Amino acid sequence: FFLVDHLHVMTRQKSRVPTSGITRETFCHICHISSGTSRRKFANCTKCSAIVCKPCVENTGAYWSSVQRQRDWTCQKCLGTCPCKKCFQASGPAVFSDLR
């Protein structure tokens, strides 16, 4: 998204929050709900900057309690099974045919 104001060009970038050396996203990768305004709990992926909210974790078939106990949790995006629109379109429906 670009805003042009005379000679100034500004770009809108994703908001990120630094967390222990990793710059974390501030919204759920799957449903895009904001971690700043939501009361939901979020899981942090240890391989990328994505966070995933509790309802989205549970909708993918994982148990929230087991995700919270894992020290090295890998999100669906990194596993290649992310159900979000962007990842689904990038990978194609063939990846998800076994899951249905």
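**Exercise 1. In this predicted model, find which backbone nitrogen the side chain of Ser 38 reaches.**

*Solution.* Start by locating the residue: Ser 38 sits in the loop between strand S4 (22-25) and strand S5 (42-44). Next, follow its side chain, which reaches the backbone nitrogen of Arg 40 at 3.0 Å. Finally, check the surroundings. Ser 38 has a relative accessible area of 17%, and buried means under 20%, so Ser 38 is buried.

**Exercise 2. Work out how many disulfides the model has.**

*Solution.* Recall what you are looking for: a disulfide is a covalent bond between the sulfur atoms of two cysteines. To count as one, the two sulfur atoms must lie within 2.5 Å. By this rule the count is zero disulfides. Take Cys 28: the nearest cysteine sulfur belongs to Cys 53 and is 3.7 Å away, and Cys 28 is in no disulfide. Now try Cys 48. Its closest cysteine sulfur, in Cys 78, is 3.5 Å away, which is too far for a bond.

**Exercise 3. Decide whether Cys 28 and Cys 48 are buried or exposed.**

*Solution.* Use the cut-off again: under 20% relative accessible area is buried. Cys 28 has 0% relative accessibility, so Cys 28 counts as buried. Cys 48 has 16%, so Cys 48 counts as buried too.

**Exercise 4. Describe the whole protein, from its secondary structure to its surface.**

*Solution.* Count the elements: there are four helices and six strands. Then read along the sequence to get the pattern β-β-β-β-β-β-α-α-α-α. Of the 100 residues, 30% count as buried. Lastly, the accessible surface comes to about 7500 Å², with 53% of this area belonging to carbon and sulfur atoms.

Conventions. Residues numbered from 1 in each chain as written. Predicted model: local features only at pLDDT ≥ 70, side-chain atom pairs only at ≥ 80, totals over all residues. Heavy atoms only, no water. Buried < 20%, exposed > 50% of the residue type's maximum accessible area, 1.4 Å probe, protein only. Helix = DSSP H or I, 4+ residues; strand = E, 2+ residues; numbered from the N terminus. Polar contact = N/O pair within 3.5 Å; in protein donor to acceptor, adjacent residues only side chain to side chain. Areas by Shrake-Rupley, 256 points an atom, 1.4 Å probe, with all protein chains shown as cover.
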